Amino acid sequence: MTARTGVSALLSRVGATSALTAAAMAIPALLPGLGSQADAATLSIKALNIAASKKGSPYKYGAAGPKRFDCSGLVLYSYKRAGKKLPRTAASQYNKSHHLSASHRKVGDLVFFHSGRSVYHVGIYAGHNKIWHSPKPGTKVRLEKIWTRSVWYGRVS
């Protein structure tokens, strides 16, 4: 199977998932020998797709799924289902992640919103400056544009 036909086949199966997310899912499988980088990318893409599958789930403070989520609960649930255990809070998730610059962020990385040195929100990067997250009371899990420059990025490995 060529990379082009592999990606085309994957795109035809994913339906509502974005083409960018689908392509990112296919790349590790089509490029053998990448080792732990491919494993980390696969983990992140799995977590992203799990978060996306929860679109429309209501926000509930302190909830970590499977039907209701707060922001860090969605990240915790998504990564746990993908095979990686993370701490419960956004700040603890930031401390546990490998920090990186915006220029090095990839689909599936974590996006941490901060005020000064305090992290107050987290989502999963979906590409094109958008995240999957569970925003606040009265809202639902959704894909949304990053609305501020006060963000840090982290990679789960």
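In the order α-α-α-α-α-β-β-β-β-β-β, the elements of the protein follow one another from the N terminus. The structure described here is a predicted model. In total, its secondary structure comprises five helices and six strands. Of the 157 residues in the protein, 43% are buried. Contacts between residues at least 6 apart in sequence were also examined, and 52% of these join residues at least 24 apart. The protein exposes about 8,800 Å², of which carbon and sulfur atoms supply 54%.

In soluble globular proteins, nonpolar side chains tend to be buried together. In the present model, the largest nonpolar core has 27 residues. The residues with the most contacts inside this core are V75, Y79, L110, V122 and I124. Helix α4 provides the largest share, namely seven residues. The surroundings of V122 can be listed in detail: leaving aside residues up to four places away in sequence, V122 touches C71, S72, V75, A90, Q93, L110, V111, F112, F113 and H133.

Aromatic side chains form five pairs in the structure. In one of them, F113 and W147 are stacked, with a centre-to-centre distance of 4.4 Å and an angle of 15° between the planes. This pair links distant parts of the chain, since F113 belongs to strand β2 (residues 110-115) and W147 to the loop between β5 (142-145) and β6 (151-155), 34 residues apart. F113 counts as buried because its relative accessibility is 0%, under the 20% limit. W147, by contrast, has a relative accessibility of 45% and counts as partly exposed. Separately, Y94, F112 and W152 make up one aromatic cluster.

Three salt bridges were found in a search of the whole structure. In the bridge between D70 and R88, the closest N and O atoms are 3.1 Å apart. These two residues link distant parts of the chain: D70 is in the loop between α3 (36-53) and α4 (71-82), while R88 is in the loop between α4 and α5 (90-96), 18 residues apart. D70 is buried, at 7% relative accessibility, whereas R88 is partly exposed, at a relative accessible area of 28%.

A further salt bridge joins the side chains of R155 and D109, with an N to O distance of 2.8 Å. Because R155 lies in strand β6 and D109 in the loop between β1 (98-100) and β2, the pair ties together parts that are 46 residues apart in sequence. R155 is partly exposed, with a relative accessibility of 22%. D109 has a relative accessibility of 1% and therefore counts as buried.

The remaining bridge is formed by the side chains of E144 and R142, at 3.1 Å from N to O. E144 is partly exposed, at 24% relative accessibility, and R142 is likewise partly exposed, with a relative accessible area of 31%.

Terms used. Residues are numbered from 1 along each chain as its sequence is written. This is a predicted model: local features need pLDDT of at least 70, side-chain atom pairs count only at pLDDT 80 or more; totals for chains, interfaces and linings use all residues. Side-chain values use heavy atoms; hydrogens and water are left out. Helices (H or I, at least four residues) and strands (E, at least two) are DSSP runs, numbered from the N terminus. Buried means under 20% relative accessible area, exposed over 50%, partly exposed in between (1.4 Å probe, protein chains only). Contact means heavy atoms within 4.5 Å. Accessible areas come from the Shrake-Rupley method with a 1.4 Å probe; for residues, only the protein chains shown count as cover. Rings of Phe, Tyr and Trp (its six-membered ring) pair if their centres lie within 6.5 Å; planes under 30 degrees apart count as stacked, over 60 as edge-to-face and the rest as tilted. A salt bridge is a side-chain nitrogen of Lys or Arg within 4 Å of a carboxyl oxygen of Asp or Glu. A nonpolar core is a set of buried Ala, Val, Leu, Ile, Met, Phe, Trp, Tyr and Cys residues joined through side-chain atoms within 4.5 Å.
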